[in-house]
Amino acid sequence: MIITNCAACAAPLAHDAPRCVRCKTRYCNSTCQHDHWRRGHKQICKKIHRGGDAEQYNAEKEHKEAVAVAVEACADDTKGQTCYICMDAAHWKTKEGLVNGYCACRGTMGFVHLSCLAEQAKLSIEEAIDKRLWSGGELNSRWQRWHVCHTCGNEFHGHVRCAMGWACWKTYASWEDSRFAFQRMSIEKLANGMEEDVFGRLEEALSLYAVYLDVSQRSLRAGAEVSTENLLAAKSNIAGTYSRLGRVEEAVNMERDIYDDSKALLGPLDLQTLSVAANLMHTMSMLHRFDEVKAFFLGLEAARQTLGPDNYLVLKLTSAYAHGLYYDPTATRDEQLEAITMRISAEGYCACGAAIVPTLRILTRTWRKC
Ligand SMILES: [Zn+2]
Ligand SMILES: [Zn+2]
Ligand SMILES: [Zn+2]
Ligand SMILES: [Zn+2]
């Protein structure tokens, strides 16, 4: 599932690509498979099968590497320290060293083994399942333990976030219980980890987000419960990663797609729909599609009327519009002045990050005039 390329030629695979009967390694076709067998798969096929087949084997291997990178990066700071969970310096089973500085915990609470953290997350979820605690968000909040510190409540970051992503995926890669979507959800967890990694593994994150979306859509078609929010979030992650990679054209196409979905599923006045609209307008103005920005903004008049001029999302939309108008070479002098007034007053909501002085009242008055 995570392995998306042919083991022999690295071409992208279809989800139902043929696989090795013993170890489930996947290939484009039998030619690639025969070629790979002769080039050495013959020697490791049994080993991969004993390791739980291709996907699990790969997850364990990647996890081990990610843990080693994280421990190595912390090595200077963790000398002589002990894990706050198991109280030892070296982990009793994996012998791995400690990590630190990945959340807001400091002092004796700031050193831990990644294996201990992962074990805690896993056990907490198992306990919730045993005690049938899956209503009222309990299971969901325990699921957060894969990326949020239980002590300080901050999200993990850097190498630790990435290693925990792999730990999560390796835990659920072979989880077939369809009552819980852990297998699918852990792909997203891993993708988030890749995105947060200090090496900036954005391309890998992007391909994982795409896998997550594909798996979610296929699960939905097969009759599984997949929430609208989940699908929209999957697409937002893809759009966001495109933006971070500088692939703005692809980002805007994905954002438009999300906006259309959101409008159809949640309604045009829904807050989430409007939040997507604000992002879309900002990306369009970055691409200098000023006519579209303007038309789009005028089309949202009903939302502005309903929510009122001081609403956070209305301000965000206004800011994105003003940003587009300000840089539009065809804008009239009056329009430019209007844009400046809006930008000065839009409470710092210009998504371009420009420092904007907050004076909501001026904005409100500007709008009443229009
Ligand atoms: Zn191939
Ligand atoms: Zn094999
Ligand atoms: Zn420990
Ligand atoms: Zn913490």
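## Helices H2 and H5

Helix H2 (residues 53–78) packs against helix H5 (residues 158–172) at an angle of about 155 degrees, and their axes lie 9 Å apart. Because of that angle, H2 is roughly antiparallel to H5 (angles over 145 degrees count as roughly antiparallel, under 35 as roughly parallel, 65 to 115 as roughly perpendicular and the rest as oblique). Axes here are lines fitted to C-alpha atoms, for helices over the stretch in contact, with angles running from 0 to 180 degrees between N-to-C directions. H2 passes H5 in a left-handed crossing, that is, the near helix is turned anticlockwise from the far one by less than a right angle.

Which residues of H2 meet H5? From H2 come Ala59, Glu60, Glu62, His63, Ala66, Val67, Val69, Ala70 and Ala73, and they meet His159, Val160, Cys162, Ala163, Trp166, Ala167, Trp169 and Lys170 in H5. A contact is a pair of residues whose C-beta atoms, placed from the backbone, lie within 7 Å. Sorted by class, this contact has twelve nonpolar, two polar and three charged residues (Ala, Val, Leu, Ile, Met, Phe, Trp, Tyr, Cys and Pro are nonpolar; Asp, Glu, Lys and Arg are charged; the others, Gly among them, are polar).

## About the model

This is a predicted model, in which local features need pLDDT of at least 70 and side-chain atom pairs count only at pLDDT 80 or more, while totals for chains, interfaces and linings use all residues. Residues are numbered from 1 along each chain as its sequence is written, with chains lettered from A and ligands numbered from 1 in the order in which they are written.

## The whole chain

The protein chain has 15 helices and two strands, taken as DSSP runs numbered from the N terminus (helices H or I, at least four residues; strands E, at least two). Its C-alpha trace spans about 75 × 55 × 40 Å along the principal axes. Of the 370 residues, 37% are buried, meaning 20 or more other C-beta atoms lie within 10 Å of a residue's own; 12 or fewer is exposed, and in between is partly exposed. Among contacts with a separation of 6 or more, 56% join residues 24 or more positions apart.

## Two domains

An automatic or database assignment sets the domain bounds, dividing the chain into domain 1 (1–50) and domain 2 (53–200). Their centres, taken over C-alpha atoms, are separated by 29 Å. Nine residues from domain 1 and seven residues from domain 2 form the contact. On the domain 1 side, five are nonpolar, two polar and two charged.

## A look at Asp16

Asp16 sits in the segment before helix H1 (30–50). Is Asp16 buried or exposed? Asp16 counts as exposed because it has 7 C-beta neighbours inside 10 Å. Its C-alpha atom is separated by 26 Å from that of Ser236, 220 residues apart along the chain.

Technical notes
Contact = placed C-beta atoms within 7 Å.
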